[in-house]
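Here is a short report on a two-chain model. Please read it alongside the sequence and the structure.

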Amino acid sequence: MKRALAVTLFFALACDRLESVDSIRSAADPECAQNENDAVRMRLAPTCAPCHGVGASRPFFASLVAFEDLLAYDARYVVRGDPDASPLVAMLEGRGEGAYPQMPLGVDSFADLDARGQTAMTLDEVRDWITNLPPPDPARGGPSADAATIRRLSADELINAIEVALGRDDPSAGVPPLLAVDGLPPLAPDSPTSVDYRDAERRQLYLMLGGPTYLQQRMPEPGFSPSSLLAVTQLAQGACASAVDANREVLFVHASRTATLPDAEAEIRANVAYLHERFLHVAPTEAEVDAWMNDVFVSAGTPRDGWVQLCTGLIRDPLFVTF
Amino acid sequence: MPFSRALLLLAAAHAFACSGSIGGPTPDRPGMPGVDATVCYAADAGPPPVVERDPELDASRRLRRVAFVLHGRPPLDAERDALSAATTDAAREAVIDDAIESGLASPDFYERMVDFGHEWLRNGSFLVGAQGDGYWGNMSTHLGTCAADSANPGAYFIYAESNARGRDQCAVAGAPTRDVEPWWAPGTTVTLLGDAANDAPTVTIDGAVHDCGIANEGYFNMANATGCGCGPNAAWCYPGGGLNLGHDREGSQRRDMWDEPARLFAHLAWHDRPLSDLVLGNYTVGTNRVWAWYLRFGRQTGLFAELDADTTWFRPEAGDLPRDPLHTTPDDPNAWRELVVERMAPQLLSLSGGERSADPSRTLRWDPRTDGGPAPGLPYSGVLTMPGPNSSFPRERPRAARFLEIFACREFDPPPPEAHFPALGADIATGGSCMHCHVQMDPVAMAFRRWIFMGYYVPRPHLADLESLPIPEDLYEPSRRYPNSHWYRAGADRWAQNWLPNTVMTPITEDELAVHPRALFVDTIPPEYTILGQHADGTMGPLAFAKILVSSGEMDRCAVRRLYARIVGRPLDPASEARYVDALTARFVEGGRRVRPFVAHLLRSDELRRGVR
């Protein structure tokens, strides 16, 4: 799939010119290239990108940056200014000395394909490109500015986050205990199935939260699935109801569990703001406090349900379930 | 694309939150313009929630990230209070810096590294070669315990089929017993009952002398020869039956053997050792159960009876060996403490005179085509020679593929459909579409052929072609099922089919094979092979590959990518961030390949300050 996407992208980048083998050479000078290196990348791509595109172990042709950083300016492949000393040229000519004596891998080398006119760039042109290769861009080198800046919490982090928010002060760093169920021992995420049947329910909940359980070859769920969101919500509801009913001290710093509106509005607002910061590690604005008050606490009907739903909503908040 | 994933995550969270039936409503978030919790965007395909990049997270959110990375939890109240009390940016930075330092010094950090070790050094359970109808991976005489209301409550009897000499003794008052300090519970005393109480090193049956230090196959349980006992400190026995459930649970040997690679990784991180020791080292870490595994593996050969004289191996306090921070009581048998493997299993060679070493100059040259006799052993090479991974990846090619994936971040994808390959011949590394992967895999795989797991009823671990396990002279006969059940189960048929002379994975000639069948076990990577751009140095076995992993820089680059993904929370893109990977790798190597300072660097990096709001 990734490779198909890469090929599709290439053809899109190449301005839809490559329609057949016969037309490869005619597309030798893509106007959409960003620079000379990019033009070379596009012209080599029909031969090379199927194995070296997006998602490959060596994605030389995934982008111009990849082409330059992984191939054009890596001396293991290209010696700038010296095509005869460049292992890339040797491989294209079928006389490489490494694990891959020939590229592309298979029957015909690039040189063979070139001789039959089945490449978009000739070997001589590759040699010329290496001879005149400009120096690399010295500015490049940091992390991608477009990269993601958040991730979801894993199951053990989520459980610990809930437990800390609700007042537990000694969560485990390794195998977190799930909320106590019938006095059973803590669930180990790598408990094997079919060994302790009593643990099945909690084990399933742990997996629904996204795992992992490495012993069973279940890696951490990279994002949230419907089932993991469902599990978060159910876990939050149960934990919050239990904590509110137990009148957990850390939940009611500024207002009592039974405080009602309008008499105790100031106290309740203060407690909502306190809980927001306790759960999300961000102080709320007045408008946010208004929203939590009106949309959640008031609409719940009773103070008890209000605090339970507020607690549950905060746990479901994107700022809570992400890193 | 990654940013889109963040959007999707938030969209999914909100879409679920507004379902109404679960958990109640979520309020509008004024800080996120355009988000109205009363509208189900996912349902009506409306606009996704808008999130803004936050180039500088609040200190409280950064402290939260640090705590999750190092402790697996958000900051505790005291840690938050310390941050709240800081009134200047500099003071807040100092609080976060302290949190990083104290977190890295906390045993929690070790635990998080164990968890990361499981994720990175992924292997299955110690199953293949250890458990069939019963667990035989301990290579020991299995012991059961007498009932509390028996004549010998709590005494250990041999769990084999002969009840008269084992279980039935529980009811016999005055039955022979022997009290010992057992290896699994140092500092305590247990009673061995019946045959288990015998302490003779050998027994003679029908004129044949049997070494009591060798456990034989049985039905569900293993047992040494009839009349044999458990040896010094019950070192020849294991407290449990082969059919007992729970062999995967914490506190069981099979679980520990699965855990061993991750524990070694965490050990290296905790003790500031070079991460390259993971593959170059001649040492591991283990609980008493892991030490017992290696001891049994050594003793089971019948070559090293002198191992019985070691009466300190099971005493964790002896030698004050480096250990994990979670088991600080001196005599805790569950402590993961360091072991130069050769001490317990002399066939797994240290090449350093028994001293801990990860020196890449450790070398053993052994060519079964020209060197006479059985192999002298196998150089121990960290994770690459651990029984757990070699059992979990049960053949040489899966071992090569998995270790290339784990340590060199290689991926094995099928070739593109339009690719043309030479016709498939005898060697899948040089012809057919198979060569797309095997050209890279087979030169490595050839070094991983000596671990075999075989047995009559339940397979057990062996190193092939040692003196204790010579290869039959007529082993290699293509197109015929090998009649000996042991060698058949070891895969001799598969060797005949797949270990073909004149191939990349078996670079021997027919003539060499005709001279001696042990040539089939050639596991010295030829110097002319190129792996990861490097040539092997002629060391036998996986140690040569370990040296290549390190000298090529591929393991460093891969480790940096894995660590980065774990700490920062996103994978580095090798296509668009290659120079950044190189820069981070250079820093990692300059820092002695130590994990802890590299984690500290990442936690203080600008990357960890970026978020969304």
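## An enclosed helix in chain B

The buried residues of α19(B) are covered by elements that include α3 (59-71), α5 (89-104), α6 (107-120), α7, α17 (554-568) and α18 (578-590) of chain B. Contact means heavy atoms within 4.5 Å. Buried means under 20% relative accessible area, exposed over 50%, and partly exposed in between (1.4 Å probe, protein chains only). Helices (H or I, at least four residues) and strands (E, at least two) are DSSP runs, numbered from the N terminus.

Helix α19 spans residues 595-603 of chain B, and 7 of its 9 residues are buried, so it is largely enclosed by the rest of the structure. Those buried residues are B:Val595, B:Arg596, B:Phe598, B:Val599, B:Ala600, B:Leu602 and B:Leu603.

## Basis of the model

This is a predicted model, in which local features need pLDDT of at least 70, side-chain atom pairs count only at pLDDT 80 or more, and totals for chains, interfaces and linings use all residues. Residues are numbered from 1 along each chain as its sequence is written, chains are lettered from A and ligands numbered from 1 in the order in which they are written, and side-chain values use heavy atoms, with hydrogens and water left out.

## Two chains

Chain A has 13 helices and 0 strands. Of its 323 residues, 53% are buried. Take its contacts between residues at least 6 apart in sequence: 50% join residues at least 24 apart.

Chain B has 19 helices and 15 strands. Of its 613 residues, 60% are buried. Among its contacts with a separation of 6 or more, 64% come from residues 24 or more positions apart.

## Confidence in chain A

pLDDT is the predictor's confidence in each residue, from 0 to 100. Chain A averages 80, and 80% of the residues score at least 70. Confidence in chain A is lowest in helix α1 (residues 2-13), at a mean of 36, and highest in helix α10 (residues 265-280), at 97.

The pLDDT stays under 50 over residues 1-29 of chain A, where the model has 43 contacts beyond four places in sequence. It is also below 50 over residues 173-198 of chain A, a stretch with 62 contacts in the model beyond near neighbours in sequence.

## Nonpolar cores

A nonpolar core is a set of buried Ala, Val, Leu, Ile, Met, Phe, Trp, Tyr and Cys residues joined through side-chain atoms within 4.5 Å. The largest has 202 residues, and A:Phe279, B:Leu278, B:Tyr294 and B:Phe407 have the most contacts inside it. Helix α9 (residues 226-245) of chain A gives the largest share of this core, 10 residues. A second, separate core of 33 residues includes A:Cys48, A:Ala66, A:Leu92 and A:Met103.

Leaving out residues up to four places away in sequence, B:Tyr294 touches residues including B:Glu260, B:Thr284, B:Leu339 and B:Tyr380.

## A helix crossing in chain B

Axes are lines fitted to C-alpha atoms, for helices over the stretch in contact, and angles run from 0 to 180 degrees between N-to-C directions. The axes of helix α7 (residues 253-270) and helix α9 (residues 288-299) of chain B come within 9 Å and cross at roughly 90 degrees. α7(B) and α9(B) are therefore roughly perpendicular to each other. Angles under 35 degrees count as roughly parallel, over 145 as roughly antiparallel, 65 to 115 as roughly perpendicular and the rest as oblique.

B:Gln253, B:Asp256, B:Met257 and B:Glu260 of α7(B) meet B:Arg289, B:Val290, B:Ala292, B:Trp293 and B:Tyr294 of α9(B).
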